[in-house]
Amino acid sequence: MEKLNGPEVRFEEISKSYDGGLSLAVDTVDLAIAGGSFVALVGESGSGKSTLLKTVNRLVEPTAGRVLIGGDPVAGHRPDSLRRHIGYVFQNIGLFPHMTVGENIGIIPRLSGQPSGERIAELLDLVGLPADFTHRMPGELSGGEQQRVGVARALAGEPGLMLMDEPFGALDPVTRDQLGEAYRGLHDRLGLTTIMVTHDMAEALLLADRILVMSAGRAVADGTPEQMLSDAANEEASALIAVPRRQMAKLRALEKGA
Ligand code: ADP
Ligand code: MG
């Protein structure tokens, strides 16, 4: 797969309230994500991360504002066509259990043309799985392998943009770390734009170019990992960083004692 030139994603004053609700799930988020960048959306549960992410592929329609991909408003595109061209990976990816791995990966390209065995092998190789996995059933795979297949399926439509919602959240820490690193490599090699939701600040610090902290529907902090770690980081960002900091301090203390 050649380099894809991931597009810019622009959120223009996006707000979303559910059921005419009193509180806003997303409250006037206004920012642009540069093409080719890897951005993490971080924040407590319920802070609006998933809602904001889903406005990009129209799984959620904003109450106000608009989203543009490469300068083009998503509202002008049919949701099914958008979803064919934007990769989407979420926790417990939900492979179709009665279809082989190859059929699961092929389901997206089949909409626009038939996927060759060679192409499926290429996609499996991209996510670090052997070609003979194509004949396996999802139930015969580990959680990490299933998520890899999910990433392969998301890449099958050759998207320039990947939306990831806690993609590795259900995996053990070691697998999670491996997959995160492997995915970051893919992002760079393919020239993707990636927006990844995670509640884990450590994961965001290690993987992303830029971190957006959400709280009560608003983007309350925005910066590079280095900026997040600096003393100037705001209260919300500092609170999220306190956890990995404390863990690191404890490990250091244990190492010294060992
Ligand atoms: P996060 O991904 O940061 O955990 P969400 O975007 O899922 O947050 O949710 C933000 C807020 O919107 C929460 O208060 C949540 O309860 C509410 N919410 C999310 N999805 C729906 C929905 N489909 N219907 C009603 N409320 C929702
Ligand atoms: Mg969520």
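Modeller: Ground rule before you start: a residue is near a molecule or strand if one of its heavy atoms lies within 4 Å of it. This is a predicted model, in which local features need pLDDT of at least 70, side-chain atom pairs count only at pLDDT 80 or more, and totals for chains, interfaces and linings use all residues. Residues are numbered from 1 along each chain as its sequence is written, chains are lettered from A and ligands numbered from 1 in the order in which they are written, and side-chain values use heavy atoms, with hydrogens and water left out.

Biologist: How many residues of the shell around ligand 1 are charged?

Modeller: The shell includes Tyr-18, Ala-25, Ser-45, Gly-48 and Lys-49. Ala, Val, Leu, Ile, Met, Phe, Trp, Tyr, Cys and Pro count as nonpolar, Asp, Glu, Lys and Arg as charged, and the others, Gly among them, as polar. On that scheme two are nonpolar and six polar, and the charged ones number three.

Biologist: How much of ligand 1 does the protein bury?

Modeller: Take the polar contacts (pairs of N or O atoms within 3.5 Å) to begin with. One ligand 1 oxygen is 2.6 Å from a side-chain N or O of Thr-51, and an oxygen of ligand 1 is 2.7 Å from a polar backbone atom of Gly-46. Then the area (Shrake-Rupley, 1.4 Å probe): alone, ligand 1 exposes 560 Å², and the share of that buried by the protein is 56%.

Biologist: How far apart are the end C-alpha atoms of helix 7?

Modeller: Helices here are DSSP runs (H or I, at least four residues) and strands likewise (E, at least two), numbered from the N terminus. The expected span is 1.5 Å times one less than the number of residues. With 18 residues (173-190), helix 7 should therefore span 26 Å, and the model agrees, with its end C-alpha atoms 25 Å apart.

Biologist: What arc do the buried residues of helix 7 cover around the axis?

Modeller: Buried means under 20% relative accessible area, exposed over 50%, and partly exposed in between (1.4 Å probe, protein chains only). Among the buried residues of helix 7 are Leu-179, Tyr-183, Leu-186 and Leu-190. They sit on the same side of helix 7, because the arc they cover, taken from the directions from the helix axis to the C-beta atoms, is only 165°.

Biologist: Which exposed residues does helix 5 carry on the face turned away from its buried side?

Modeller: In helix 5 (117-126), the buried set is Arg-119, Ile-120, Leu-123, Leu-124 and Leu-126. These fall within an arc of 160° seen down the axis, so they line one face of the helix. Turned away from that side are Gly-117, Glu-118 and Asp-125.

Biologist: Which side chain does a polar contact join to that of Arg-58?

Modeller: Arg-58 is in the loop between helix 1 (49-54) and strand 4 (64-69), and it counts as buried because its relative accessibility is 18%. At 2.7 Å, its side chain makes a polar contact with that of Glu-61.

Biologist: Glu-166 has a positive phi although it is not a glycine; about what value?

Modeller: Most residues other than glycine have a negative phi. Glu-166 sits in the loop between strand 7 and helix 7, and is buried, its relative accessibility being 14%. Its phi is about 45°.

Key: A polar contact is a pair of N or O atoms within 3.5 Å; within protein, one must be able to donate a hydrogen and the other to accept it, and residues adjacent in sequence count only if both atoms are side-chain atoms.
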